[in-house]
Amino acid sequence: MAINASRRQFTFMLGSAAAVAWPLGARAQLGERIRRVGAMMLLAENDPEQKAWTEAFRQGMLEAGWTDGRNVQIDYRWGASESARARRYATELVALGPDVILAPGSVSVGPLLQATRDIPIVFVHVPDPVGAGFVESLSRPGGNATGFTSFEYGLGGKWLELLKEIAPRVTRVAIIRDPTITTGIGLWGAIQALAPSVGMESVPVNVRNPAEIERAVAAFARSSDGGLIITGSAQAIRYRDLIVGLATRYKLPAVYYEHVFVHDGGLIAYGPDLVDQYRRSAGYVSRILKGEKPADLPVQAPTKYELAVNLKTAKALGLDVPATLLARATEVIE
């Protein structure tokens, strides 16, 4: 009997030790349901900017206790800045039945809300979610979507001031915007109203396709003392090489809404820190996975802004960047 008891005790201890040493992933597969997250990403997987956004989201998920492949499965879709692709991805991700979907920009949120009113959606860099009809209000979203705004329309005035500060001779400004989204309409209206106060005349340039952008910018550049403001949209990101190239070709000082343009040769950019937004979005994804509802999570505004200046581009344009502007910059490219 003593021998049998000892054997039972040894077997129990061995089993307990094995349970402690058992990999968490295996235990999750046996006892815990692995949660599923859909993630629609604007740019190609190997795009440097997209890599930074994706890594920020992954790091945020890790900090919240979620590891891809262990207790959560993240299904990515890349290059959603093209509207047709975004619609296809929305259908694909909804069909997977995820617990929550991460969605960047209006180009992806719109198709997702058409595809589902049940699966929670966390969005990032959406400028006007109320105006676009994505949420009922910022404080009480009310439906299955919530997230993080990228800026408010008043930021258009800041872009005008920066353009005048870095290129005082500019008296005409072309506003590159997407006329098919609420943001493109709203920002154009705000900038058009404020432009006379800084001594500028404004004209819109639409970003429906490359040919339209080239024709409009070329026509605008035929007169002197012109500059550009590039407002936020998936189309602007998609055609950023073309837009920066046109500004260079026609020697047009340009203010961009996101620092990736400055990395690609643009003059100056001012806007929210989107890496920070992706990191913060992971917190909302985690809270929803743990049972909270998007309807009860308020839409949050940016907490960090970036001012980036490309001195090489300024020199090519014959511009002297004021020391006061450089002192405020969070990034200077030489």
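## Helix H12

In this predicted model, the buried residues of H12 are Leu274, Asp276, Gln277, Tyr278, Arg280, Ser281, Ala282, Tyr284, Val285, Ser286, Ile288 and Leu289. That makes 12 of 16 residues, and H12 is accordingly described as mostly covered. The list includes charged side chains, Asp276 and Arg280 among them. Packing partners of the buried residues are strand S1 (35-40), helix H3 (48-63), strand S3 (100-104), S4, S5 and strand S10 (268-272).

From first C-alpha to last, H12 reaches 23 Å, close to the 22 Å expected for its 16 residues at 1.5 Å a residue.

## The nonpolar core

The largest nonpolar core holds 103 residues, and Phe57, Trp159 and Ile230 have the most contacts inside it. Helix H12 (residues 274-289) gives the most to this core, contributing 7 residues. In soluble globular proteins, nonpolar side chains tend to be buried together.

What does Trp159 touch, leaving aside residues up to four places away in sequence? Its contacts are Phe151, Leu187, Ile191, Ile229, Thr231, Val255, Tyr256, Tyr257 and Tyr270. Two of these, Leu187 and Ile191, are buried residues of H7.

## Helix H7

The 13 residues of helix H7 (residues 182-194) should span 18 Å at 1.5 Å a residue, and the end C-alpha atoms are 19 Å apart, which agrees. Buried in H7 are Thr183, Gly184, Gly186, Leu187, Trp188, Ala190 and Ile191. These buried residues pack against helix H6 (155-166), strand S6 (172-177), strand S7 (201-206) and S8.

## Thr146 in strand S5

Thr146 belongs to strand S5 (residues 145-147). Thr146 counts as buried because its relative accessible area is 0%. Beyond residues up to four places away in sequence, Thr146 touches Ile121, Val122, Phe123, Pro141, Tyr284, Pro294, Leu297, Pro298 and Val299.

H5 provides the largest share, with 6 residues. By class, the lining of the largest pocket is made up of 13 nonpolar, 13 polar and 4 charged residues.

The second largest pocket has a volume of about 210 Å³. Among its 14 lining residues, Pro127, Leu138, Thr149, Phe151 and Glu152 lie closest to the centre. The lining of the second largest pocket has 10 nonpolar, 2 polar and 2 charged residues. Phe151 is also one of the residues that Trp159 touches.

## Residues with positive phi

Most residues other than glycine have a negative phi. His125 has a positive value, near 30°. His125 sits in the loop between strand S4 (121-124) and S5. Is His125 buried or exposed? His125 is buried, because its relative accessible area is 11%, under the cut-off of 20%.

Asp225, likewise not a glycine, has a positive phi of about 60°. Asp225 lies in the loop between helix H8 (210-220) and strand S8 (226-230). With a relative accessible area of 31%, Asp225 is partly exposed.

## Arg33 in a loop

Arg33 is found in the loop between helix H2 (24-31) and S1. Arg33 is exposed, because its relative accessible area of 55% is over the cut-off of 50%. Arg33 and Val72 are 39 residues apart along the chain, and their C-alpha atoms are separated by 8.7 Å.

## The chain as a whole

The protein chain contains 14 helices and 12 strands. Taken along the principal axes, its C-alpha atoms fill a box of roughly 100 × 40 × 35 Å. Of the 334 residues in the protein chain, 53% are buried. Among contacts with a separation of 6 or more, 69% join residues 24 or more positions apart.

How values were computed: Residues numbered from 1 in each chain as written. Predicted model: local features only at pLDDT ≥ 70, side-chain atom pairs only at ≥ 80, totals over all residues. Heavy atoms only, no water. Core = buried A, V, L, I, M, F, W, Y, C linked by side-chain atoms within 4.5 Å. Buried < 20%, exposed > 50% of the residue type's maximum accessible area, 1.4 Å probe, protein only. Helix = DSSP H or I, 4+ residues; strand = E, 2+ residues; numbered from the N terminus. Contact = heavy atoms within 4.5 Å. 1 Å grid on protein atoms, 1.4 Å probe; cavity = no way out; pocket = protein on both sides within 12 Å on 5 of 7 lines; lining within 4 Å. Points joined across faces, edges and corners; volume = space filled by probe spheres on them. Expected span 1.5 Å × (residues − 1).
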